[in-house]
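Please open the structure in a viewer and keep the selection panel at hand.

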Amino acid sequence: MTLNHRALKHLLTAFLTLGWLTACAPAPQTVQEVFYVFGTEVRVEIVDAPQTKAERAIQGIEATFQQFNQDWHAWEKGGILGNINQAIATEQPITIADSVKRFILKSQTLAAESDYLFDPGIGQLIELWGFHSEDWHGPPPSKAAIQAWLKSRPSIRDIYFKGNTLYSRNPNVRLDFGGNAKGLALDLAINSLLAAGIQNAIVNIGGDMRIIGSKNPKSHQAWRIGIQDPDHPNTALARLQINGDESIVTSGTYQRYFEWKGKRYSHIINPNTGYPADHFISVTVIHPDATTADAAATALMIAGPSGWKKIARQMGITEAFMVDKNRQTYATPTIKKRLHLMTPTDS
């Protein structure tokens, strides 16, 4: 999950805050903090809450995120995930906390619903492509190496539990939750705000967001969010309004990649082929649960134009917006009703 600063320059966040809808009511008190974790910028904005309470809540989120990044880092040792992967590699059981078990079980359900296009058990394959480092430069792995991995085909479905003890049927499983860990972090952050009695806020991790309440609760002023054009980072391809409790997550082939001999290779890998997804360049999913939205965005990206509707239906996704490499757009009927595609005359 950690990117170096050079790579961060190329990280095109999926969403831009375009500005806020106008309203007659006075603007409520807003507390906003920015910090750096998960290899990207994190913004937390809390509206209409006492300043001390808001600042304390944001400090708690930052501390939680820093610990979360250490615990769930995909390739550094010493955290929860590192210990689990080491136990799997040595074919040893490992006892884990209830919260960790719940997340793994939820990820198994999401993986099954996606026909295992989203599969956090493919850490070896991600490492084979060189994305378990802070610098991605190629070359691509050999066909023989990919075929060897496919023959073993480790998967999160190989994980099972006896009580709180985790086992794996396949020692080649390496868990890597890069496909939905930021979603879990967003859910944890918003749940902590709600528990503190904060009703209006936005948590933004590198463009992936979960939003609660309103920008101005007194006037029910909505948040206005722009979906970034993957080819033109300084412009928005579409915009929509958020007012309530929703998560907005984007996966894009432009976010982490390397180029080799004139071809771009994305970090979003199809577990069925062993190669990067190459149909959609951007997938945006809206869902109340950020963990689900994050996993679904990855799965739909891999499913491509021919398979995304089936996967969306199985995962319970009713709001998704996709852009393919020819810049053709696809959208579910529900999101289409609220999405405003930008034109050159839009400001």
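A residue counts as buried when its relative accessible area is under 20%, as exposed when it is over 50%, and as partly exposed in between. The coordinates belong to a predicted model.

**Backbone stops**

Select Arg153 first, in the loop between helix H6 (143-152) and strand E5 (159-162). Its relative accessible area is 17%, so Arg153 is buried. Its phi is near 40°, a positive value in a residue other than glycine. Most residues other than glycine have a negative phi.

Is Asp48 buried or partly exposed? With a relative accessibility of 37%, Asp48 counts as partly exposed.

**The sheet**

Display the open sheet of eight strands, whose order is E2-E3-E7-E8-E11-E14-E15-E16 with antiparallel pairing. E2 and strand E16 (329-331) each have a single partner strand and stand at the edges, so one side of each has no neighbour in the sheet. From one strand to the next, the twist averages 10°.

Within this sheet, select strand E7 (residues 201-205) and strand E8 (residues 208-213), which pair in the antiparallel sense over five bridges. Here Ile205 stands opposite Asp208 in E8.

Helix H7 (residues 181-195) lies across E3, E7, E8 and strand E11 (244-252), and runs at about 20° to E8.

**Aromatic rings**

The count of aromatic pairs comes to 14. For one of them, select Phe38 and Phe68: the ring centres are 5.9 Å apart and the planes stand at 90°, so the pair is edge-to-face. This pair links distant parts of the chain, 30 residues apart, with Phe38 in the loop between strand E2 (30-37) and strand E3 (40-47) and Phe68 in helix H2 (residues 51-71). Both Phe38 and Phe68 are buried.

**Charges over rings**

Finish with two side-chain pairs. Select Arg157 and Tyr116: the charged end of Arg157 sits over the ring of Tyr116, 3.9 Å from its centre. Then select Lys162 and Tyr167, where Lys162 lies over the face of Tyr167, at 5.3 Å from the ring centre.

Technical notes:
Residues numbered from 1 in each chain as written. Predicted model: local features only at pLDDT ≥ 70, side-chain atom pairs only at ≥ 80, totals over all residues. Heavy atoms only, no water. Phe/Tyr/Trp six-rings, centres within 6.5 Å; stacked < 30°, edge-to-face > 60°. Helix = DSSP H or I, 4+ residues; strand = E, 2+ residues; numbered from the N terminus. Buried < 20%, exposed > 50% of the residue type's maximum accessible area, 1.4 Å probe, protein only. Lys NZ or Arg CZ within 6 Å of the ring centre and 35° of its normal. Pairing = 2+ DSSP bridges. Axes fitted to C-alpha atoms, helices over the stretch in contact; angles between N-to-C directions. Contact = heavy atoms within 4.5 Å.
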